[in-house]
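I opened a new notebook page for this model.

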Amino acid sequence: MTNSRPNGTHDERIDALLSQMRMLCTQIEAIGIEQQRLLDEEKLEEFVSSLNSRNPKIESLAQAGELVERFLASDGVGVTQVQSARAQLAEMATMVEGILKRDADQHEVVEKRRNELSKQLSGVGTARNAMRAYSGAKRSPNPTLQDRKG
């Protein structure tokens, strides 16, 4: 008689990890939608802080993916479980591809706005320097002329 308990344990762990990964993908997707809204409303500081909130979820997703791969490569996992897990992983990979595409688009928008802001700031500095150069700024009296008074 073979013991099906280890197989059930692997199956349960794989299913739990896949559920966790699906939940993390959904949360990352929701954060991405919120980031797009922040970009559209030109709230760049809030956009950047939302990037930081997403990092732990991405790390957890990667760790769960590694665990699933280890379980799938181990002995005692049925062919049906492997096929089901691979199909779910492929579905999540498609979702992640969409997230990465949106990230790339958002990155381009942020870079464009950063460059525009940089140009504006350098223009302000140039204008300020020009104003200083051409303004009749107070000058200290010439010490040579001060000696000759009298």
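I began with glutamine 106, which I found in helix 3. Helices here are DSSP runs of H or I with at least four residues, numbered from the N terminus. The model is predicted, so local features need pLDDT of at least 70 and side-chain atom pairs pLDDT 80 or more, while totals for chains, interfaces and linings use all residues. Residues are numbered from 1 along each chain as its sequence is written, and side-chain values use heavy atoms, without hydrogens and water.

Is glutamine 106 buried or exposed? Glutamine 106 counts as buried because its relative accessibility is 3%; the cut-off is under 20% relative accessible area, with a 1.4 Å probe and protein chains only. Beyond residues up to four places away in sequence, I saw glutamine 106 touch Gly32, Gln35, Gln36, Leu39 and Phe47. Contact means heavy atoms within 4.5 Å.

Next I looked up the largest nonpolar core, which has 17 residues. Such a core is a set of buried Ala, Val, Leu, Ile, Met, Phe, Trp, Tyr and Cys residues joined through side-chain atoms within 4.5 Å. Ile14, Leu18, Met21, Val68, Leu72 and Leu89 touch the most other members. Helix 1 (5-40), helix 2 (44-73) and helix 3 (79-134) each supply at least two residues of this core. Helix 1 gives the largest share, 7 residues.

I then checked valine 68. Leaving aside neighbours within four places in sequence, valine 68 is in contact with Leu17, Leu18, Met21 and Leu89.

Key
Buried means under 20% relative accessible area, exposed over 50%, partly exposed in between (1.4 Å probe, protein chains only).
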